[in-house]
Amino acid sequence: MLFNSYVFLILFLPVTWCVYFGLGRLRRGWPAQAWLLAASFCFYGYGDWRLCILLLGSICLNYLLHRLLVGGLGGSRAGRCLLAAGILANLGLLFYFKYFNFVLQNFNRFLGTDFVLRNIALPLGISFFTFQQISFLIDSGKPGMKRYGMLEYALFVAFFPQLVAGPIVLHQEMIPQFADPENRRIRYGNMIQGLEYLILGFAKKVLVADVFARICDAGYENLAQLNSLSACATILAFTLEIYFDFSGYCDMAMGLGRLFNIRIPVNFDSPYKAVTIADFWKRWHITLTRFLTTYLYIPLGGNRRGMARTCLNIAVVFTLSGLWHGADWNFVLWGMLHGAAMILYRLGRKWIDRLPGGLLWCATFLFVNVAWVFFRAEYFRQAFVLLRRVFVGGGGLCQSFLLEAFSRNTVWMTLLESTARSGLLTWAGHTALAGWFLFWTLVCVKMPSSHQIVARKIRSGAYFLGLGILFVWSFLWLSRVSKFIYFNF
């Protein structure tokens, strides 16, 4: 089930919320928790009930290992072996569903074998709940770890706002919130903030990200015909699409959590305001960066074993980060590019930090744009063709297929649809398209983040009226339900 769908907004969310707080009035807390867990499983298995079996099996296995580790084995040799086996089991499950066919494909390509690929569907959210449970197991092997009940652990893993695309949360920041009886009572302050986040994220996805997605798709469908300006527009379209898509998802996840009095950690903080690549990764997918730093980079030695080892650790972490995003070499290259940029920054930080902030921002934003090309492309050649068209595509305004993709997806550009389809490219249309790109780029760079907007203590009636209009507009414009990009990972 998708957050940006009628069935979720009209049926699932209101029913889940009402029953949860209705049960929250009971003296015992487990009925409300059990209801929220059951609703989360319904959310996850809406498209395919078999996903629930996979998720339940993963939860049961990891909870059993948790009980063994905190029951006395943690810290012992047997406990370390059990922990290693648990981590391998989780990684093995992730490997089978996400990377098994990728490995066979590369064997066939490079070794000349003829392995038959299997028809394996990638379960939603497996990368997220696998990493989340690995972190839980590692913490379970540490001294002083609390033993949790099955219900609260299962809810920690399966809580629907963060199940499918994160953030990758930690047990100590989530389970105590589920256990707090005060959180099973309606808190109007949280409810208002939750609705603010939900509406802002919903609008980002439907009114902004999906429009840029159509423009980007039109560019990729006509790569060989792109002139230079259209190639640049295609690249920037994906840069803005993934920004507002992921930002919209994170806002909606935080808003949904807040509606149930659960504070989900910030996972996105205006990354295009970053002036260095290190700053970018402190703002983009914050909880993934936290996980990789805590459970991979530091155990590898971090920056404690000299510069050469530090650079190697950075390269390993970012390469695996790219592979985590998808089982394809273009994701690996994307991760390696960011790793190389981080290494260069680490080596030259003394001099780089002295450069003007505007210059640093331009270099960082340009690099991020180029790297996104490899993230979006289906294969290497497609990425290089697009980058080549930037330089050899020739002059001219943006081409008709980009303008048409834009005009048929924006309310205020409907009047331009007929001219775009007939090929009569007007200056008004091109001005509107350029203004669309410029406006949302400035929003990314200059405007307050959703967290800053929601955190404001003073809100006017006009602000709430605007939110209401924004929600109705987004709801009426929800003509095509599209997945969030990070649902694919």
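Buried means under 20% relative accessible area, exposed means over 50%, and partly exposed is in between, using a 1.4 Å probe and protein chains only. This is a predicted model, where local features need pLDDT of at least 70, side-chain atom pairs count only at pLDDT 80 or more, and totals for chains, interfaces and linings use all residues. Residues are numbered from 1 along each chain as its sequence is written, and side-chain values use heavy atoms, with hydrogens and water left out. Helices here are DSSP runs (H or I, at least four residues), numbered from the N terminus, while strands would be E runs of at least two.

**Helix α3 and its surroundings**

- α3 has 24 residues and reaches 33 Å from its first C-alpha to its last, close to the 34 Å expected at 1.5 Å a residue. The expected span is 1.5 Å times one less than the number of residues.
- The axes of α3 and helix α5 (residues 126–140) come within 9 Å and cross at roughly 10 degrees. That makes α3 roughly parallel to α5.
- On the α3 side, the contact is made by Leu-55, Ser-58, Ile-59, Asn-62, Leu-65, His-66, Leu-69 and Val-70. Their partners on α5 are Phe-129, Gln-133, Phe-136, Leu-137 and Ser-140. Contact means heavy atoms within 4.5 Å.

**How α1 meets α2**

- Two packed helices are described by the angle between their axes and the distance between the axes. Axes are lines fitted to C-alpha atoms, for helices over the stretch in contact, and angles run from 0 to 180 degrees between N-to-C directions.
- Helix α1 (residues 6–23) and helix α2 (residues 30–44) have axes that come within 8 Å and cross at roughly 165 degrees. That makes α1 roughly antiparallel to α2. The cut-offs are under 35 degrees for roughly parallel, over 145 for roughly antiparallel and 65 to 115 for roughly perpendicular, with the rest oblique.
- From α1, the residues Phe-8, Phe-12, Val-15, Thr-16, Val-19, Tyr-20 and Leu-23 meet a set in α2 that includes Trp-35, Leu-36 and Phe-43.

**Helix α10 and what follows**

- Why do the ends of α10 sit where they do? At 1.5 Å a residue, the 32 residues of α10 (residues 228–259) should span 46 Å, and the end C-alpha atoms are 46 Å apart, which agrees.
- α10 is mostly covered, with 29 of its 32 residues buried.
- Asn-227 caps the N-terminal end of α10, with a side-chain oxygen 3.3 Å from the backbone nitrogen of Leu-229.
- After α10 comes Asn-261, in the loop between α10 and α11 (277–281). Asn-261 has a positive phi of about 65 degrees although it is not a glycine, and it is buried, with a relative accessible area of 3%.

- Most residues other than glycine have a negative phi, and most peptide bonds are trans.
- His-285, in the loop between α11 and α12 (286–297), has a positive phi of about 45 degrees although it is not a glycine. At 0% relative accessibility, His-285 counts as buried.
- The peptide bond from Gly-166 to Pro-167 is cis, with omega near 5 degrees. Pro-167 lies in the loop between α7 and α8 (171–179).

**Two buried residues up close**

- Leu-163 belongs to helix α7 (residues 160–163) and counts as buried at 1% relative accessibility. Leaving aside neighbours within four places in sequence, its contacts include Ser-40, Tyr-44, Leu-55 and Phe-129.
- Asn-369 lies in helix α16 and is buried, with a relative accessible area of 8%.
- A polar contact of 2.7 Å joins the side chains of Asn-369 and Thr-239. A polar contact is a pair of N or O atoms within 3.5 Å; within protein, one must be able to donate a hydrogen and the other to accept it, and residues adjacent in sequence count only if both atoms are side-chain atoms.
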